[in-house]
Amino acid sequence: QLAESGGGLLPSGGSLRLFCAASGRTFSTYVLGWFRPAPGNEREFVAAISSNGDTTHYVASVKGRFTISRDKAKNTVYLQMNSLKPEDTAVYYCVASRRYSEFRNRYDYWGQGTQVTVSS
């Protein structure tokens, strides 16, 4: 029901835009977000956006570089990633939840992930 795309391989300092298309149901009332594996393989919170798009949250390491947005008409959420670093290399997962949280177990819906690789 959540399908990510837009991942790829690029050099450090580059930009990439991830897409997540929702299908099968409407997520217009859900918080949408992105997670990625952290060292130790636990998936860590990256960013989230409220259902109306007015409020966004970011993990400290991506603030000022990543921007999350959504298009309710298209049932799609985006993650614009700028000034990418090698430590941003990960599989990025799109998630949905009825309420905002930074904890992965609060998210009910997960996509399959899209790989982002940043070379040094």
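Author: What follows covers the fold, the core and one arginine. Note that this is a predicted model.

Reader: Fold first. How many helices and strands in the chain?

Author: Zero helices, eleven strands.

Reader: And how does the radius of gyration compare with the globule rule?

Author: The radius of gyration is 13 Å, close to the 14 Å the rule gives for 120 residues, so the chain is as compact as a globular protein of that length. The C-alpha atoms fill a box of roughly 40 × 30 × 25 Å along the principal axes.

Reader: What share of the residues is buried?

Author: 42% of the 120 residues. The chain exposes about 6,200 Å², with 46% of that from carbon and sulfur atoms.

Reader: Now the core. Which residues touch the most other members of the largest one?

Author: Trp34, Leu79, Met81 and Tyr92, in a nonpolar core of 27 residues. Strands giving two or more residues to this core include β4 (31–37), β8 (76–81) and β9 (90–97). Another core, of six residues, lies apart from it; Val31 and Phe45 are among its members.

Reader: What does Leu79 touch, beyond four places in sequence?

Author: Its partners include Leu16, Leu18, Trp34, Val46, Phe66, Ile68 and Tyr92.

Reader: Switching topic. Arg36: buried or exposed?

Author: Arg36 counts as buried because its relative accessible area is 5%, under the 20% cut-off. Arg36 sits in strand β4.

Reader: Which side chain does the Arg36 side chain make a polar contact with?

Author: That of Ser61, at 3.5 Å. Beyond four places in sequence, Arg36 is also in contact with Glu42, Glu44 and Asp88, among others.

Note on methods. Residues are numbered from 1 along each chain as its sequence is written. This is a predicted model: local features need pLDDT of at least 70, side-chain atom pairs count only at pLDDT 80 or more; totals for chains, interfaces and linings use all residues. Side-chain values use heavy atoms; hydrogens and water are left out. A nonpolar core is a set of buried Ala, Val, Leu, Ile, Met, Phe, Trp, Tyr and Cys residues joined through side-chain atoms within 4.5 Å. Buried means under 20% relative accessible area, exposed over 50%, partly exposed in between (1.4 Å probe, protein chains only). Helices (H or I, at least four residues) and strands (E, at least two) are DSSP runs, numbered from the N terminus. Contact means heavy atoms within 4.5 Å. A polar contact is a pair of N or O atoms within 3.5 Å; within protein, one must be able to donate a hydrogen and the other to accept it, and residues adjacent in sequence count only if both atoms are side-chain atoms. The radius of gyration is taken over C-alpha atoms; the globule rule is 2.2 Å times the number of residues to the power 0.38. Accessible areas come from the Shrake-Rupley method with a 1.4 Å probe; for residues, only the protein chains shown count as cover.
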